[in-house]
Amino acid sequence: MKIAVLPGDGIGPEVTREAVRVIEALGLPGIEMKEAPVGGAAYKAYGHPLPAETLEIARLSDGILFGAVGDPDCDSLERHLRPEQAILGLRKELTLFANLRPAKVFAGLEGHSALRPEVAGAIDMVIVRELNGDVYFGEKGFRTAANGDREGYDVMSYNESEVRRIAHVGFRTAMGRAKRLCSVDKANVLETSQLWRDVVIEVAREYPEVTLEHMYVDNAAMQLVRAPGKFDVVLTGNLFGDILSDQASMCVGSIGLLASASLGERQTAHGTFGLYEPIHGSAPDIAGQGLANPMATILSAAMLLRHSLGLAAAADRVEAAVARTLADGVLGRDLGGSAGTTEVGDAVLARL
Ligand SMILES: NC(=O)C1=CN([C@@H]2O[C@H](COP(=O)(O)OP(=O)(O)OC[C@H]3O[C@@H](n4cnc5c(N)ncnc54)[C@H](O)[C@@H]3O)[C@@H](O)[C@H]2O)C=CC1
Ligand SMILES: CC(C)CC(=O)C(=O)O
Ligand SMILES: [Mg+2]
């Protein structure tokens with residue numbers, strides 16, 4: 001069972017190190033981890049954010065553990081050389097189109113949410129975000145407008161196959177949960193969203209047990225803080241899902257807590273091939289200081305064990321150790337505590 005470990009930039013290597021320590025401590029037989037450069041670190045060493053060798057190591061693995069990419073030194077590079085292209089490239093090249101971002105309040109952390117504890121305590125949702133299309137992958141560029149103004153453009157589009165396959169993931173996810181699906185779009189303004197809504201309604205006929213609701217994204221952002229407990233599965237596109245999941249993280253308590261799985265359809269001998277990463281970025285403002293919360297990456301490793309390696313019991317062990325660590329009050333600065341990155345990792349190891 002091969003895990004490709006791609007730490008990346010900023011806090012990426014710091015949080016990935018803790019997740020790797022957790023996997024090692026489980027003492028699972030037959031696990032091989034192979035590290036490869038990605039992002040700004042790869043650009044600086046090899047001239048490209050996603051070197052062909054890294055992509056190959058990722059492709060040949062059963063699952064990828066990804067830290068984060070992004071480096072302020074690289075912000076003025078041509079777009080195709082910027083660190084962020086590495087994660088976009090991996091998602092696209094490996095057809096990882098379904099991004100699952102669970103958001104649930106951990107017992108004892110209700111008071112650490114940006115919301116009132118009684119509102120936060122009810123949060124238990126999964127955001128199912130499409131990952132291979134939308135405005136992130138449309139034609140883009142700069143041009144000169146008729147009046148001589150500089151103009152930037154990014155084309156937003158979805159075709160029906162792209163919507164249909166992610167809609168199926170959303171409905172299947174809902175079938176395994178409370179059977180409520182909220183599809184988030186902006187169909188009152190955008191044709192892309194109108195198609196999205198039409199296709200979701202078509203797919204819904206195959207899942208009569210699931211209660212389907214549609215919500216405009218502006219309202220969804222508001223409902224996410226007003227009554228987040230009402231959401232079960234949120235199905236949405238690439239851009240809206242990116243934004244709403246960062247928002248959901250603060251409803252739960254910290255962006256340092258939210259894990260994610262990016263899945264496609266490819267099955268390996270052990271499970272579904274996928275990439276696992278915290279929802280946060282490289283956090284240059286705290287990088288190198290031992291302050292990053294590694295929980296999101298540790299929880300991403302648990303998702304890897306469950307979905308890509310078929311090791312549900314090991315995943316349960318990791319998730320239980322994380323929950324116990326938080327319940328025992330071992331909290332990083334992002335949650336008002338004082339534990340550093342390694343200290344949080346040590347606390348999880350001690351509770352495995
Ligand atoms: N998947 C990826 O690799 C992603 C990469 N990025 C990149 O990361 C860089 C920084 O982007 P930002 O917008 O600042 O987003 P960010 O998620 O890196 O940081 C936002 C804020 O949250 C804090 N934060 C993030 N993760 C944390 C953790 N584990 N523990 C404690 N605090 C944490 C940061 O200190 C910062 O104040 C950019 O280059 C961006 O493009 C952003 C999001 C995802
Ligand atoms: C860095 C971007 C490419 C993506 C992002 O912010 C995310 O996937 O959460
Ligand atoms: Mg994001």
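Begin by selecting helix H4, which gives the most to the lining of the second largest pocket, with eight residues; helices (H or I, at least four residues) and strands (E, at least two) are DSSP runs numbered from the N terminus. The model is a predicted one, in which local features need pLDDT of at least 70 and side-chain atom pairs count only at pLDDT 80 or more, while totals for chains, interfaces and linings use all residues. Residues are numbered from 1 along each chain as its sequence is written, chains are lettered from A and ligands numbered from 1 in the order in which they are written, and side-chain values use heavy atoms, with hydrogens and water left out.

**Second largest pocket.** About 630 Å³ of space lies in this pocket, where a pocket is, on a 1 Å grid over the protein atoms alone, an open set of points where a 1.4 Å probe fits, with protein on both sides within 12 Å along at least five of seven lines, and lining residues have an atom within 4 Å of a point. A volume is the space filled by probe spheres set on the points, which are joined across faces, edges and corners. To centre the view, select Glu84, Ile87, Leu88, Arg91 and Asp242, which are the closest to the pocket's centre of the 27 residues that line it. Then colour domain 1 (1-99 + 256-352) and domain 2 (110-252): both give residues to the lining of this pocket, so it lies between them. The domain bounds come from an automatic or database domain assignment.

**Ligand 1.** Finally, select ligand 1 with the 19 residues that surround it, each having a heavy atom within 4 Å of it; the closest are Val69, Glu84, Gly281, Ala283 and Asp285. For polar contacts (pairs of N or O atoms within 3.5 Å), show Glu277, which has a polar side-chain atom 2.9 Å from a nitrogen atom of the ligand, and Ala283, which has a backbone N or O atom 2.8 Å from a ligand oxygen atom.

Methods:
A polar contact is a pair of N or O atoms within 3.5 Å; within protein, one must be able to donate a hydrogen and the other to accept it, and residues adjacent in sequence count only if both atoms are side-chain atoms.
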